[in-house]
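Please examine the following structure with attention to its domains and the relation between its chains. The questions and answers below take these topics in turn.

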Protein chains: 2
Amino acid sequence: MSTPSNAPYHHGDLRRALLDAALLILEREGETGLGLRDLARAVGVSPAAPYRHFDGRAGLLEALAVTGFQRFTRAMADVSLSQPSDPLAAMGKTYVLFALNNAALFRLMFSPQLKRDNRPGLRMAADAAFATLRHVSGGDAPAGRIAALAAWARVHGLAVLLLDGQIAIQAGEDIDVLVSQIIENQ
Amino acid sequence: MSTPSNAPYHHGDLRRALLDAALLILEREGETGLGLRDLARAVGVSPAAPYRHFDGRAGLLEALAVTGFQRFTRAMADVSLSQPSDPLAAMGKTYVLFALNNAALFRLMFSPQLKRDNRPGLRMAADAAFATLRHVSGGDAPAGRIAALAAWARVHGLAVLLLDGQIAIQAGEDIDVLVSQIIENQ
DNA sequence: GGGCGCATGTTAACAACGCATACATATATG
DNA sequence: CATATATGTATGCGTTGTTAACATGCGCCC
């Protein structure tokens with residue numbers, strides 16, 4: 001009975017497996033529903049195994065948020081490659097659609113309790129994301145701090161309101177065009 | 001030793017006391033840090049006592065959110081009484097300042113997991129709040145759904161970004177005037 | 001190549017939590 | 001005055017995050 005064939009003692013790439021499974025659980029159950037024991041069960045390891053790869057539950061959430069910012073950065077960088085006619089509007093749409101397609105992850109990225117115990121890794125990932133945001137949007141042209149913040153607020157607010165289901169989608173209304181209309185308004 | 005003088009068996013107004021203490025803990029520790037046992041300890045009752053007044057932890061959070069929407073509604077209604085020169089901007093400022101002064105409560109009010117198991121009480125309180133929002137802002141004048149949503153998104157996004165500490169406050173910068181500038185931009 | 005160090009995974013235990021049930025007590029009602 | 005009901009207590013169950021001690025096997029060094 002010594003674990004004969006499959007299920008080797010060492011997993012191989014447990015960290016990656018944990019992150020993948022955690023993302024699934026996160027999007028399905030929300031941040032509260034993501035428990036370390038559930039996660040370990042889902043991957044098929046012991047409850048204490050994740051502690052070898054993450055600094056407790058907070059460490060796992062941080063790692064998830066970091067991957068979130070990396071994807072976000074990539075999505076924003078890809079916008080500039082497509083050479084859109086209106087770069088700012090295109091970026092805004094990408095911003096909102098990223099939030100909608102990665103709801104729980106997006107919320108986690110901006111979670112205040114993660115920001116509180118500010119781990120350097122998360123801070124770096126977030127700074128990198130916002131740096132490409134600035135770079136892609138204005139080409140570092142200082143179009144006014146106020147105007148930039150106003151644009152950011154409108155896009156971020158739209159994302160959050162849609163995410164939380166506060167903006168009621170009317171019958172036959174397409175979210176995509178609604179986002180475009182709101183972003184391009186004024 | 002039969003609890004001689006103080007600490008009567010019945011508290012008197014435990015529900016109110018629980019809500020007050022819960023608000024304090026909420027703003028100090030965040031939603032995750034608000035536990036029923038902690039709360040009961042803080043008020044000085046047994047761990048099971050809160051269950052007589054709230055439907056478990058979710059019920060407590062719902063009650064807190066309802067009081068939040070009531071305060072929010074009141075704050076918005078007070079704006080119209082002051083007869084400002086620019087009602088929309090004044091309302092926006094009130095919106096953001098309410099969020100900043102009731103950070104955790106504001107987050108709870110827009111919490112998606114509370115909205116999920118949509119309890120009628122919370123839904124009614126939220127609807128009432130948004131109704132006065134519409135009434136005060138435009139006097140029910142349909143200035144265009146898109147424009148209204150855009151304005152809401154900008155204000156809400158500004159609140160959330162400030163709440164999460166994403167908008168860095170520069171040295172010697174006053175949040176109040178920054179909010180005004182961003183809201184009145186465009 | 002053989003032996004060993006160390007990363008990796010397991011087991012077991014602790015405290016705290018949400019929650020449900022059964023019980024005690026005070027208030028209100030007939 | 002008696003009893004019904006609302007309110008708070010006592011206790012126990014199952015789960016969670018976390019830690020410490022133990023087991024295992026991959027890979028490096030001599």
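Q: How many salt bridges are counted between domain 1 of chain A and domain 2 of chain A?
A: In this predicted model, the domain assignment of chain A gives domain 1 as 1-53 and domain 2 as 61-184. A salt bridge requires a side-chain nitrogen of Lys or Arg within 4 Å of a carboxyl oxygen of Asp or Glu. Between domain 1 and domain 2 of chain A, the count of such pairs is 0.

Q: Which three residues supply 55% of the area that domain 1 of chain A buries against domain 2 of chain A?
A: About 770 Å² is buried between the two domains of chain A, with carbon and sulfur atoms giving 72% of that area. On the side of domain 1 that touches domain 2 in chain A, there are 5 nonpolar, no polar and 3 charged residues. The three residues that contribute more than any other three to the area buried by domain 1 are A:Leu23, A:Glu27 and A:Glu31.

Q: How many residue pairs are in polar contact across the interface of domain 1 of chain A and domain 2 of chain A?
A: In chain A, 8 residues of domain 1 are in contact with 10 residues of domain 2. Across this interface, with both residues at pLDDT 80 or more, the number of residue pairs in polar contact is 2.

Q: What relation do chain A and chain B have?
A: Chain B is superposed on chain A by a rotation of 179° with 0.0 Å of shift along its axis, at an RMSD of 0.1 Å. The copies meet through the same surface, because 100% of the interface residues of chain B are also interface residues in chain A.

Definitions and conventions: Residues are numbered from 1 along each chain as its sequence is written. Chains are lettered from A and ligands numbered from 1 in the order in which they are written. This is a predicted model: local features need pLDDT of at least 70, side-chain atom pairs count only at pLDDT 80 or more; totals for chains, interfaces and linings use all residues. Side-chain values use heavy atoms; hydrogens and water are left out. Copies are superposed by least squares on the C-alpha atoms of residues with pLDDT of at least 70 in both. Contact means heavy atoms within 4.5 Å. Domain bounds come from an automatic or database domain assignment. Buried area is the accessible area (1.4 Å probe) that two parts lose on being put together, summed over both. A polar contact is a pair of N or O atoms within 3.5 Å; within protein, one must be able to donate a hydrogen and the other to accept it, and residues adjacent in sequence count only if both atoms are side-chain atoms. Ala, Val, Leu, Ile, Met, Phe, Trp, Tyr, Cys and Pro count as nonpolar, Asp, Glu, Lys and Arg as charged, and the others, Gly among them, as polar.
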